[in-house]
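Work through the exercises below with the model open. Each task is followed by a stepwise solution.

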Amino acid sequence: MPSFRLKPEQAALLVVDIQERLCAAMDRDALDRMLARTGAAVEGARALGLPVIVTEQYPQGLGRTHSLLKLKLGTYTPLEKMDFSAATPDVLTVLGDRKQVLITGMEAHICVFQTARDLAEQGREPCLLADAVLSRTEEDRRVGLELCRDAGARILTVESALFDMLGRAGTPEFKKVSAAVR
């Protein structure tokens, strides 16, 4: 496998379907951790100048993006979808020529997996942030991570991805990212 390096000018953060009613079905402790790590990913992405894209699966039925995440996101426009995959034409338009797509969200074995597979099939580099991905059961989450890897996704954590893009300490971005991941 060739050498791998995340580059801020080539990367974007994709937040997949972290919605109120879907969150209500998750294990509370796992959900709290996933929300915290996704919030750190959003803050870090903003510090590094990455586009942050948010999708909502059938919001009429599953609700809007979780309120705690909305606080981290600030002003944003969610992209609504009916397909399980978030690799929709709207999302691809926002991605533009950015090839590296950092993925957070749920559920790992359905929407996240299908998104990673579709992005890989389109020649992009899906990068799953494993500590910011969730399913209702741990088994579905674990299988989802395996499916994503098998489909061509790289498996990272929020910190490993953000610090790979930073490359060095002592910069204003380093201070912002360090504060975000604490």
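Angles under 35 degrees count as roughly parallel, over 145 as roughly antiparallel, 65 to 115 as roughly perpendicular and the rest as oblique. The model is predicted: local features need pLDDT of at least 70, side-chain atom pairs count only at pLDDT 80 or more, and totals for chains, interfaces and linings use all residues. Residues are numbered from 1 along each chain as its sequence is written, and side-chain values use heavy atoms, with hydrogens and water left out.

**Exercise 1. Classify the packing of α8 and α9.**

Step 1. Helices (H or I, at least four residues) and strands (E, at least two) are DSSP runs, numbered from the N terminus. Axes are lines fitted to C-alpha atoms, for helices over the stretch in contact, and angles run from 0 to 180 degrees between N-to-C directions.
Step 2. The axes of α8 and α9 (residues 172-181) cross at roughly 175° and come within 11 Å.
Step 3. The pair is therefore roughly antiparallel.
Step 4. Contact means heavy atoms within 4.5 Å. From α8, V158, E159, L162, F163 and L166 take part; α9 supplies E173, F174, V177, S178 and V181.

**Exercise 2. Classify the packing of α6 and α7.**

Step 1. The axes of α6 and α7 (residues 138-150) lie 8 Å apart, at an angle of about 10°.
Step 2. These helices are therefore roughly parallel.
Step 3. On the α6 side are A108, H109, V112, F113 and A116; they meet D140, R141, G144, L147 and C148 of α7.

**Exercise 3. Is T104 buried or exposed?**

Step 1. Buried means under 20% relative accessible area, exposed over 50%, partly exposed in between (1.4 Å probe, protein chains only).
Step 2. T104 sits in β4. Its relative accessibility is 0%, so T104 is buried.
Step 3. Beyond four places in sequence, T104 touches residues including L13, V15, T38, L129 and V133.
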